Amino acid sequence: MDCNAIMKLTVGVIDAVNTPRHLKKKLLVLDVNGLLACITQSPPKNLKPDNFIRHQAILKRPFYVEFLKFCFVHFEVGIWTSRNQKNTEEVIEYLMPNMKNKLLFCWDGSYCTATHFMTLENEKKPVVFKDLRKIWEHCDPNLPWEK
């Protein structure tokens, strides 16, 4: 590598260091069930649920609070779950009452894309997916970036 290439690389690193912190953070989109907690109608018999919300057992994942604190320091954080709005609000309030205001967004199942298939566990529950293009296409007018 020649001196000019090293200088350009060094200047790029310095520019990145001097960039305001909120402009450098990457976006991290988290789900709730399976990552921050296990939410189920029938908890394992050997485990005592931490709470029940809308007749579903909530089992907090070990160290999820420490994980979230790390995430908020290093990333812009959004939540996207396939749960309905009311369930999402109650679960987020329970799991992160002092951190929910740090979320960039909190999307529920209404932002998911439905398929014509049903889950194996529940023949009345459709399989959905989270089309990440919705984030960049500005499907939520409150997102802090341009379309």
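Analyst: Two strands count as paired if DSSP finds at least two bridges between them. This is a predicted model. Strand S2 and strand S4 (residues 56-60) run antiparallel, and 4 bridges join them. Within this pairing, Ile 39 has Ile 58 of S4 as its bridge partner.

The open sheet has 3 strands in the order S2-S4-S3, and the pairing is antiparallel. S2 (37-40) and S3 (51-53) are the edge strands. Each has a single partner strand, so one side of each is left without a neighbour in the sheet. From one strand to the next, the twist averages 30°.

Helix H4 (residues 85-95) lies across S2, S3 and S4. H4 runs at about 35° to S4. Thr 88 belongs to this helix. Thr 88 is buried, because its relative accessible area is 4% and buried means under 20%. Leaving aside residues up to four places away in sequence, Thr 88 touches Thr 81, Arg 83, Cys 106 and Asp 108.

Next, the aromatic rings. The structure holds 3 aromatic pairs. One of them is Trp 80 with Trp 107, an edge-to-face pair with 4.9 Å centre to centre and 85° between the planes. Trp 80 is in strand S5 (residues 75-80) and Trp 107 is in strand S6 (residues 105-107). They are 27 residues apart, so the pair links distant parts of the chain. Both Trp 80 and Trp 107 are buried. Phe 105 and Trp 107 have ring centres 4.8 Å apart and planes at 45°, so this pair is tilted. Phe 105 is buried too. Trp 80, Phe 105, Trp 107 and Tyr 111 form one aromatic cluster.

Definitions and conventions: Residues numbered from 1 in each chain as written. Predicted model: local features only at pLDDT ≥ 70, side-chain atom pairs only at ≥ 80, totals over all residues. Heavy atoms only, no water. Helix = DSSP H or I, 4+ residues; strand = E, 2+ residues; numbered from the N terminus. Axes fitted to C-alpha atoms, helices over the stretch in contact; angles between N-to-C directions. Contact = heavy atoms within 4.5 Å. Buried < 20%, exposed > 50% of the residue type's maximum accessible area, 1.4 Å probe, protein only. Phe/Tyr/Trp six-rings, centres within 6.5 Å; stacked < 30°, edge-to-face > 60°.
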